[in-house]
Amino acid sequence: MYEGTRWRQAAEDVKGLQTRERTLEERAGRVYASLDGVHVPLHGEWRELKTLCWYEVERIRPSRSQNHHGVRVGEQSNLQAKETKYYCDIQEAEQFGHLLWATGIQNQVDAYDEIVFVIDGAVWIWRLVEKYFPKAVHLCLRQGAGKSWTGTMPANISRQLLKPPLEPTPRKHTNG
């Protein structure tokens with residue numbers, strides 16, 4: 001059986017989810033997700049391959065600015081992804097939403113203090129995030145280098161936009 005199918009079945013099993021909810025240990029900090037799509041040729045037609053990545057972020061020692069022929073190129077971040085898990089499939093957005101939910105449950109993302117989606121302006125992505133993770137933070141990337149995002153997003157989502165970078169939340173310490 002395809003592993004994603006097992007995850008989807010587990011993510012839709014009400015009794016199993018209730019049991020999971022009672023035993024789920026909270027995780028301090030943030031977990032991130034990125035979703036995107038790319039068109040690929042498949043059997044004589046173009047189909048959209050949808051991708052999903054769940055990950056955490058850690059602070060690293062900042063690197064020195066790199067110069068290319070005397071001109072500074074780009075900014076160097078002091079954050080990097082870790083614990084990355086990738087998933088992809090060629091299917092309609094609604095079915096891909098089941099994979100988004102199932103992998104979220106599988107990776108226990110609902111145990112974190114905060115879920116942050118780093119996404120572009122594709123409407124299908126915004127709708128899936130709003131449907132499956134309505135309390136998540138949406139961090140919208142600009143489409144294309146140096147171009148402002150000009151797409152239309154649902155009005156009830158635009159209130160959640162933040163500007164990068166989001167740094168890791170310090171871990172909570174409990175006595176006990």
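This passage describes selected local features of a predicted model.

Helix H3 was examined for its length. H3 holds 14 residues. At 1.5 Å a residue, these should span 20 Å. Several residues of H3 are buried. Among them are Phe96, Gly97, Leu99 and Leu100. Further along, Ala102, Thr103, Gly104 and Ile105 are buried too. An α-helix has 3.6 residues a turn, so residues three or four places apart point the same way. After H3 comes Gln108, which has a positive phi, near 55 degrees.

The relative accessibility of Gln91 is 15%, so Gln91 counts as buried, because the cut-off for buried is under 20%. The side chain of Gln91 also makes a polar contact, at 3.2 Å, with the side chain of Asp89.

Strand E6 covers residues 112-119 and includes Val116. Val116 has 0% relative accessibility and therefore counts as buried. In sequence, Val116 and Ala33 are 83 residues apart. In space, their C-alpha atoms are 6.3 Å apart.

Cysteines were considered last. A disulfide is a covalent bond between the sulfur atoms of two cysteines. The search of the whole structure found 0 disulfides. Cys53 has a relative accessibility of 8%, so Cys53 counts as buried. Cys140, at 17%, counts as buried as well.

Conventions. Residues numbered from 1 in each chain as written. Predicted model: local features only at pLDDT ≥ 70, side-chain atom pairs only at ≥ 80, totals over all residues. Heavy atoms only, no water. Buried < 20%, exposed > 50% of the residue type's maximum accessible area, 1.4 Å probe, protein only. Polar contact = N/O pair within 3.5 Å; in protein donor to acceptor, adjacent residues only side chain to side chain. Disulfide = S-S within 2.5 Å. Helix = DSSP H or I, 4+ residues; strand = E, 2+ residues; numbered from the N terminus. Expected span 1.5 Å × (residues − 1).
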